[in-house]
Amino acid sequence: MKWFWCLFFCFWPILALVVCWVAPSYGWWFPGDGVAASPLGERIDDLFYMILAITTVTFVGTQIALGYVLFKGARRTDEDVNEKAWFSHGSHELEVIWSVVPAFILLFIALYQLQVWAEYRVKDSFPQDQMRAVLKRVGQMRSENDSLALAEVTARQFEWRIRYPGFDKEGNLLPLMPDPQPTDLYAVNDLHLPANAPVMINLKTQDVQHSFFLPELRVKQDAVPGLVIPVWFQANNAQEYPLLCAELCGWGHYKMKARFVAEPEDAFLNYLRELHAEQNYDGVRGGDDESEE
Ligand SMILES: [Cu+2]
């Protein structure tokens, strides 16, 4: 029996190693065939793989130790039954080692990931110069204090409402204002932004807590009632990505599926101009309500 238990406990670390070895090539770990679609996402994946390596080494080590102890501790013959039992009262040194070593590993992970976290979440660490360059390239008329966001995304039960800045009478793109403007442009469940450059949105919610989730870009940010949260990301390719809600927000949570279209900057501007043509006339919002007045 001792061989059975010994092999049983050694089987799992071997299986774990095999899975860790083949999983990346099958894209099992992550959405988007396992490859992040944004530069920051690639660094987040690297953090995952680093933590996976640490936990794998720990798991394999403890399982092998367990197998070894089972092998050594097993009784060899029935005569051994008459042997006196031996009790261990623990080992102070060992306890210190297995407390201090994990503490240092956790401290290392905490410090190692700080830079990625800061660039992801701390506004002063956002690539703001590159964002300004995008806004300049799409010809936005902005002063230094205007928002860097190209769209405001408002979650509500159960859809994503998107507000873009509109155009002035000369056809220049305006900056996004904190409050809705008559020239603003609107869309639902369809977020268009330039690809291959960092872009920022302002995230809000109209009712409960939602979560803005671009799985393939590794972007996930809660939308919290009462807060306007800046979120930035950069799509590596001009293509469509799924945009989901990652917070169980009510019965229709599953329906909060939208698309994020990353496209070249001129295509993005054309998209806004199309919205402008549909929704505005000489800077005055169209619609039945107002035409009756
Ligand atoms: Cu939701």
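These are my notebook entries on what I looked up in this structure, which is a predicted model.

**Entry 1: the two domains**

I began with the overall layout. The chain splits into domain 1 (2-73 + 93-121) and domain 2 (128-284). I looked up how far apart they sit, and their C-alpha centres are 37 Å from each other. They do touch: 17 residues of domain 1 are in contact with 12 residues of domain 2. The size of an interface is often given as the accessible area lost when the parts come together. For this pair I noted about 1100 Å² buried between domain 1 and domain 2, with 47% of it on carbon and sulfur atoms.

**Entry 2: helix α4**

Next I went to helix α4, residues 114-121, and checked which of its residues are buried. I wrote down V116, A118, E119 and Y120. What do the buried residues of α4 pack against? I found α2, β7 (219-223) and β8 (229-233).

Helix α2 covers residues 39-73, and D45 lies in it. Is D45 buried or exposed? Its relative accessible area is 4%, so I put D45 down as buried, the cut-off being under 20%. Leaving out residues up to four places away in sequence, D45 touches F30, G34, A36 and R218. I come back to R218 in the last entry.

G61 is also in helix α2. I read 37% relative accessible area for G61, which makes it partly exposed. I also looked at G61 together with P13: they are 48 residues apart in sequence, yet their C-alpha atoms are 8.4 Å apart in space.

**Entry 3: strand β4**

I moved on to strand β4, residues 190-194. 5 of its 5 residues are buried, so I noted β4 as largely enclosed by the rest of the structure. In a regular strand the side chains alternate between the two faces of the sheet. I checked which way the β4 residues point: D190, H192 and P194 go one way, L191 and L193 go the other, and all are buried.

Which strand is joined to β4 by 5 bridges? It is β10 (residues 258-263), and the two run parallel. One pairing I wrote down is L193, whose bridge partner in β10 is A262.

**Entry 4: strand β5 and its partners**

Strand β5 spans residues 199-205. Here 6 of the 7 residues are buried, so β5 too is largely enclosed by the rest of the structure. I then followed its pairings. Strand β1 (residues 151-156) runs parallel to β5, with 5 bridges joining them. Within that pairing, V153 has L203 of β5 as its bridge partner.

β5 also pairs with β8, over 5 bridges, and this time the sense is antiparallel. There, N202 has P230 in β8 as its bridge partner.

**Entry 5: the copper site**

Then I turned to the metal. Which residues coordinate the copper ion? I listed H210 through ND1, C245 through SG, C249 through SG and M256 through SD, at 2.1 to 2.5 Å. Along the sequence these donor residues follow the spacing H-x34-C-x3-C-x6-M.

Why is the arrangement around the copper ion tetrahedral? The 4 donor atoms subtend angles of 89 to 125°.

C245 is buried, at 8% relative accessible area. C249 is buried as well, at 7%.

Most residues other than glycine have a negative phi, and most peptide bonds are trans. Where is the cis peptide bond that I noted? It runs from Q157 to F158, with omega near 0°. F158 is in the loop between β1 and β2 (159-164).

I found a positive phi of about 60° at N196, although N196 is not a glycine. N196 is in the loop between β4 and β5. R218 likewise has a positive phi of about 60° without being a glycine. R218 is placed in the loop between β6 (210-214) and β7. With 10% relative accessibility, R218 counts as buried, and R218 is one of the residues that D45 touches.

Technical notes:
Residues numbered from 1 in each chain as written. Predicted model: local features only at pLDDT ≥ 70, side-chain atom pairs only at ≥ 80, totals over all residues. Heavy atoms only, no water. Helix = DSSP H or I, 4+ residues; strand = E, 2+ residues; numbered from the N terminus. Buried < 20%, exposed > 50% of the residue type's maximum accessible area, 1.4 Å probe, protein only. Contact = heavy atoms within 4.5 Å. Pairing = 2+ DSSP bridges. Donors = N, O, S within 2.8 Å, 3.2 Å for Na, K, Ca; no water. Tetrahedral: all angles 85-135°; square planar, octahedral: opposite > 155°, others 65-115°. Domains from an automatic or database assignment. Buried area = accessible area lost by both parts, 1.4 Å probe.
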